[in-house]
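Good morning, and thank you for joining this group meeting. I would ask you to bring up the sequence and the model, and then we shall go through them together.

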Amino acid sequence: MKKGKGVTILSVILVCILCLGYYASIILSSTGRGENQNITLGLDLAGGVSITYQIVDEGATAEEISDTVYKLQKRVESYSTEASVYREGDDRITVEIPGVTDANEILEDLGTPGSLEFRDPSGNAVLTGEDVADAQPATISKNGANQSVVELAFTDEAAKTFAELTKTFYGQVISIVYDGETISEPTVNAQITDGKAVIEGMGSFQEASTLASQIRIGSLSLELEELTSQVVGASLGEEAISTALTAAAIGLVLIIIFMIVCYQIAGIATTLGLLIYSTAVVAVIYLFDITLTLPGIAGIILGIGMAVDANVVINARIKEEIALGKSTGTAIKTGFQKALSAIIDGNVTTLIAAAVLAVKGSGTVKGFAYTLAIGIILSMFTALVVTRYAMYAIHAIGFKDIKYYGMAKERKVTDFLSHRRIFFAISVIVIAAGFVGEGVNAAGGKGAFNYSLEFVGGTSTTVDMGKDYELTTLDSEVVPKVSKALGSSEVQVQKIAGSTQVIFKTRNLELEEREQLAQVFVDEYAVDQKNISYQNVSETISKEMTSDAIWAVVIAVILMLIYIWFRFSDIRYASSAVIALIHDILVVITCYAIVRISVGSTFIAVMLTILGYSINDTIVTFDRIRENLSGKVRVTETELKEIANKSITQTLSRSVNTSITTFVMVLLLFILGVTSIREFALPLMIGVVSGTYSSICIATELWFEMKIHQRSSAKDSGKKKSK
């Protein structure tokens with residue numbers, strides 16, 4: 001590359017940084033302050049609309065209510081992936097949708113839940129709303145003109161019934177009846193065997209949207225009617241946003257300093273890439289209108305860690321090439337080439353997890369998956385494109401001397417594998433301690449884990465405080481008194497916009513405890529007892545949502561196993577990587593059990609973060625083993641051990657450096673963040689340490705054990721045949 005081209009490339013990169021930085025600063029400065037140009041925040045960070053429905057059906061069973069809650073959750077996710085639905089009392093269901101300030105608009109769009117039937121020409125109900133999988137408005141082109149339609153999908157079982165109906169009543173009308181009123185009379189134009197139909201004849205897209213909403217909401221198990229609707233404030237408030245942003249800014253500065261000190265000119269190029277990444281993440285989240293919550297912040301942190309990781313791998317490779325006697329220009333080119341496979345494999349495995357979680361997950365799981373996917377894609381782009389061309393450009397303008405890049409020092413190979421049984425024993429002891437801790441907790445009546453309100457529900461106490469309190473004041477003054485009265489630190493607080501009412505969500509309270517709590521408000525804040533009301537509320541993370549998350553993780557792990565097996569052409573790489581991943585998850589669970597950290601929505605975020613981080617860490621080491629084994633047809637057990645130890649040693653600085661940068665980001669969140677942020681920062685730090693430990697001391701050692709076990713089995717088989 002010529003000097004002039006190098007100057008041009010650097011100028012373009014700097015202009016992009018300035019433009020993206022300015023755009024991101026406008027977005028962030030208005031976020032959380034109710035201005036137009038801001039990121040959509042979840043209920044925990046910004047509040048939203050809360051709608052409570054009364055169950056009309058008498059004698060509704062717990063199963064029917066649970067089914068309705070889950071289906072309603074899937075419906076409201078069209079407004080936000082972070083919307084939550086939970087049972088309140090015995091016959092009410094509450095819907096909370098973040099980032100919305102107009103309850104009437106949501107009610108009008110969502111519709112009034114009621115009964116839905118599909119009737120044949122004789123007026124018989126042949127299908128019900130429960131048979132509907134989805135209904136969405138759409139625009140199609142027909143005969144050269146665009147027209148609005150409703151795309152309708154039935155469940156697998158109902159699809160068979162619908163196929164028979166469309167065959168029997170071809171050319172006739174199948175009516176759609178909602179709450180006794182016919183809302184559509186489509187004519188059957190063909191037999192439909194795949195369970196997917198299109199309703200034509202819509203006058204406008206709005207008409208199609210209304211019909212689709214009625215069909216979707218009519219597929220609920222129970223009939224509901226609106227009881228109350230109100231705008232609620234954030235449960236964490238602006239302080240949580242400002243501390244998270246401050247921690248991210250400080251962490252980014254420290255990472256930049258660290259990278260420049262360690263990698264000099266390569267570190268400067270990395271800095272340019274990280275600045276593009278950081279500002280682009282903000283812009284993309286805003287442009288795609290992704291709702292950001294605490295778990296979403298975890299996804300962004302993981303993205304920063306992976307962005308740094310890719311650059312550390314590249315920079316370490318460049319230093320190695322220079323140590324081999326290559327010129328800086330050749331070293332840069334070769335370094336990027338050799339780092340490519342590790343970067344792609346590590347990021348693709350994590351992207352697989354993000355994709356599965358986005359498709360199969362619900363609620364906060366989807367939000368995490370979206371932010372994680374954005375982070376992965378942008379981190380790969382900045383590392384492989386921005387940083388690469390920045391490095392070429394800096395080299396072209398005159399920084400060609402080896403002293404500007406550094407040279408990898410020859411490290412003495414550390415014999416990790418000889419200590420593998422000690423490493424295995426340490427891991428078994430730590431994980432066993434977690435199971436023992438769970439048993440002791442359960443036996444003591446405290447429960448195996450300290451489940452939060454999101455998982456077990458509790459009591460919602462609404463108090464008219466008589467005056468408008470700031471959320472920070474409620475957190476610092478009122479909540480501690482509530483906690484002391486109940487002997488519980490888990491208290492969630494929300495303000496109802498436009499009123500002096502405040503909602504306090506706590507564990508389930510007995511009558512005596514409710515009286516104690518009421519006395520606090522009466523004595524301390526002169527609240528009239530008539531202005532205090534209580535409702536039992538169910539979990540916001542339902543069993544179905546938990547099941548969705550578990551299945552999503554299982555499917556993601558299986559797909560990652562298949563991908564690693566395919567890429568490395570050896571099941572032992574894949575299986576040892578997955579075992580190391582499970583090891584890290586169990587270590588973090590041990591932390592939750594022993595330290596009694598609250599298990600809530602952040603628990604899911606932590607587990608998913610470890611899922612992505614741990615596998616990426618292991619892939620880099622395996623990639624080096626594969627490279628060092630390349631071209632070797634037969635390798636003795638001693639040689640195999642030497643190659644494994646050499647590979648771990650060669651990637652050791654990368655593993656440590658990546659862990660340091662990610663750990664610093666999370667540590668700052670723990671130091672500066674509010675209580676809820678600390679509750680996910682602490683186990684996340686444990687997860688980062690465990691992920692580093694497993695990639696160095698567990699994964700490769702497991703792979704080696706599998707290798708030598710295979711050879712021993714082959715030898716034994718050969719001896720038997722020779723006899």
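What is the mean pLDDT of the protein chain, and what percentage of its residues reach 70 or more? This is a predicted model, with a chain mean of 82 and 87% of residues at 70 or more. Confidence is lowest in helix H4, residues 103-110, where the mean is 63. The highest value belongs to helix H12, residues 420-443, at 93.

Let me begin with the sheets. One of them is open and has 4 strands in the order S5-S4-S8-S9, paired in the antiparallel sense. Its edges are strand S5 (125-128) and strand S9 (181-184); each has a single partner strand, so one side of each has no neighbour in the sheet. From one strand to the next, the twist averages 40°. Within this sheet, strand S8, residues 175-178, is joined to S9 by 3 bridges, and the two run antiparallel. For a specific pair, please look at isoleucine 176, whose bridge partner in S9 is serine 184.

The next open sheet consists of 3 strands, ordered S6-S7-S10, again with antiparallel pairing. Which strands stand at the edges here? They are S6 (132-142) and S10 (196-199); each of them has a single partner strand, so one side of each is left without a neighbour. Neighbouring strands in this sheet are turned by 30° against each other on average, direction ignored. S6 and strand S7, residues 145-154, run antiparallel and are joined by 10 bridges. Across that pairing, aspartate 134 stands opposite alanine 153 in S7.

Strand S14 (residues 492-495) pairs with strand S15 (residues 501-506) over 4 bridges, in the antiparallel sense. Valine 493 faces phenylalanine 504 of S15 across this pairing. Between the two strands lie 5 residues, and glycine 498 in this hairpin adopts a positive phi near 75°.

Serine 569 is one example, with a phi of about 55°. Where does serine 569 lie? Its position is the loop between helix H16 (543-568) and helix H17 (571-595). Serine 569 has a relative accessible area of 64%, and is therefore exposed. Arginine 596 likewise has a positive phi, of about 60°, although it is not a glycine. That arginine is placed in the loop between H17 and strand S17 (598-599).

H7 makes the greatest contribution, with 5 residues.

Key. Residues are numbered from 1 along each chain as its sequence is written. This is a predicted model: local features need pLDDT of at least 70, side-chain atom pairs count only at pLDDT 80 or more; totals for chains, interfaces and linings use all residues. Side-chain values use heavy atoms; hydrogens and water are left out. Two strands pair if DSSP finds at least two bridges between them. Axes are lines fitted to C-alpha atoms, for helices over the stretch in contact, and angles run from 0 to 180 degrees between N-to-C directions. pLDDT is the predictor's confidence in each residue, from 0 to 100. Buried means under 20% relative accessible area, exposed over 50%, partly exposed in between (1.4 Å probe, protein chains only).
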